[in-house]
Amino acid sequence: MKHLYLIFILLQIGCGNKTELKEEIPKFALNRFPIEELSFDKVSASIFEKSCTQCHPGYSDYQTVKKDAQKILEQVLTDRMPKNSPGLDEDLKSLLNAWVSAGAPLGGGDTDNEEDNELKPTWDSLSRKVFFPKCVSCHNANGQANFLELDDRQDFFDNRDYLLNNFEDVENSYLIEVISDPDEPMPPFWSPFTQLNETEIATIKEWIEKGLP
Ligand code: HEC
Ligand code: HEC
């Protein structure tokens with residue numbers, strides 16, 4: 001299975017035109033912009049509200065921007081947008097690039113409420129505390145592991161047969177195997193992310209057993 005995906009990735013890289021622009025965009029601006037600090041509010045305040053919403057009022061809305069994220073990034077990196085301007089400065093371009101490469105997270109979900117900060121076996125909690133910070137920068141539609149998108153509940157659900165052995169035998173399901181593999185775990189050792197701890201893995205199992213609430 002692993003080899004199959006590697007071949008798939010190599011094929012995609014070799015595929016010319018469609019990926020050309022993507023390859024020019026460095027995916028790991030992560031050191032400058034830690035993924036837990038990336039949020040729609042931050043990008044919105046420094047880019048969209050200042051330079052775009054006067055012509056694109058829709059870009060005040062997170063879902064609209066998320067849907068258009070790749071197109072927006074391309075327009076900005078090539079200085080085609082904002083229209084009639086010399087283009088955004090390099091810092092803002094890097095910020096936008098890091099945010100889109102991280103799967104355009106809503107982010108900023110932390111609250112002062114202690115209960116809210118506890119990891120729970122729900123999509124909301126796991127998505128905010130595990131999948132976005134540790135998986136989504138590769139596993140999103142534009143990331144290097146775009147064959148499995150982990151930024152969207154529906155995508156996860158659509159992959160349940162293969163990830164979860166259709167809920168039978170959670171302990172030996174493919175997803176649990178991959179995140180607890182001692183030799184080649186996800187997130188990979190070579191990435192800047194820490195592997196999942198026991199609590200995180202146990203919470204994911206509990207979430208699967210409950211049917212992915
Ligand atoms: C002064 C008005 C104006 C501003 C400011 C502006 N845009 Fe645009 N934008 C346009 C117009 C008009 C179009 C339609 C295409 C064209 O005329 O180039 C457009 C088109 C686009 C498209 C679609 C391109 C396509 O081919 O589908 C994207 C994406 C976009 N803008 C993003 C942005 C972003 C992001 C910003 C802010 C950084 C921004 N725009 C700022 C006027 C503006
Ligand atoms: C740094 C990038 C990166 C991060 C972060 C990452 N992955 Fe992956 N993932 C990959 C790549 C590349 C592959 C395909 C190659 C492989 O299997 O090693 C992959 C493959 C997978 C697969 C399929 C494995 C297979 O062989 O078919 C699953 C499931 C997976 N990842 C889950 C996760 C989960 C869950 C997280 C977060 C807890 C995560 N990944 C974090 C890059 C990443």
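Ala, Val, Leu, Ile, Met, Phe, Trp, Tyr, Cys and Pro count here as nonpolar, Asp, Glu, Lys and Arg as charged, and the others, Gly among them, as polar. This is a predicted model, in which local features need pLDDT of at least 70, side-chain atom pairs count only at pLDDT 80 or more, and totals for chains, interfaces and linings use all residues. Residues are numbered from 1 along each chain as its sequence is written, chains are lettered from A and ligands numbered from 1 in the order in which they are written, and side-chain values use heavy atoms, with hydrogens and water left out.

**Stop 1: ligand 1**

Select ligand 1 and its shell. The shell holds 13 residues, each with a heavy atom within 4 Å of the ligand. Cys52, Cys55, His56, Met81 and Lys83 are the closest. By class, the shell has seven nonpolar, four polar and two charged residues.

Now show polar contacts (pairs of N or O atoms within 3.5 Å; within protein, one must be able to donate a hydrogen and the other to accept it, and residues adjacent in sequence count only if both atoms are side-chain atoms). Pick His56: an N or O atom of its side chain is 2.8 Å from a nitrogen atom of ligand 1. Then pick Lys83, where a polar side-chain atom lies 3.0 Å from an oxygen atom of ligand 1.

Helices are next. They are DSSP runs (H or I, at least four residues), numbered from the N terminus. Helix 4, residues 62-77, gives the largest share of this shell, four residues.

**Stop 2**

Select Pro82, in the loop between helix 4 and helix 5. The peptide bond from Met81 to Pro82 is cis, with omega near -5°. Asn84 is found in the loop between helix 4 and helix 5 too. Its phi is near 55°, a positive value in a residue other than glycine. Most residues other than glycine have a negative phi, and most peptide bonds are trans.

**Stop 3: helix 3 against helix 5**

Select residues 40-51 and 90-101. These are helix 3 and helix 5, whose axes come within 11 Å and cross at roughly 150°. Axes are lines fitted to C-alpha atoms over the stretch in contact, and angles run from 0 to 180 degrees between N-to-C directions. That angle makes helix 3 roughly antiparallel to helix 5, because angles over 145 degrees count as such.

Show the side chains. Phe40, Lys42, Val43, Ser46, Ile47 and Phe48 of helix 3 make the contact (heavy atoms within 4.5 Å) with Leu92, Leu95, Leu96 and Trp99 of helix 5. Eight of these residues are nonpolar, one is polar and one charged.

**Stop 4: ligand 2**

Which residues are closest to ligand 2? Cys135, Cys138, His139, Tyr174 and Met186 are, in a shell of 25 residues. The classes are 20 nonpolar, three polar and two charged.

Pick His139: a polar side-chain atom lies 2.8 Å from a nitrogen atom of ligand 2. Pick Tyr174: an N or O atom of its side chain is 2.6 Å from an oxygen atom of ligand 2.

Helix 1 (2-13), helix 9 (160-164) and helix 10 (174-180) each supply at least two shell residues. Helix 10 gives the most, with four.

**Stop 5: Pro187**

Move to the loop between helix 10 and helix 11, where Pro187 lies. The peptide bond from Met186 to Pro187 is cis, with omega near -10°.

Methods. Angles under 35 degrees count as roughly parallel, over 145 as roughly antiparallel, 65 to 115 as roughly perpendicular and the rest as oblique.
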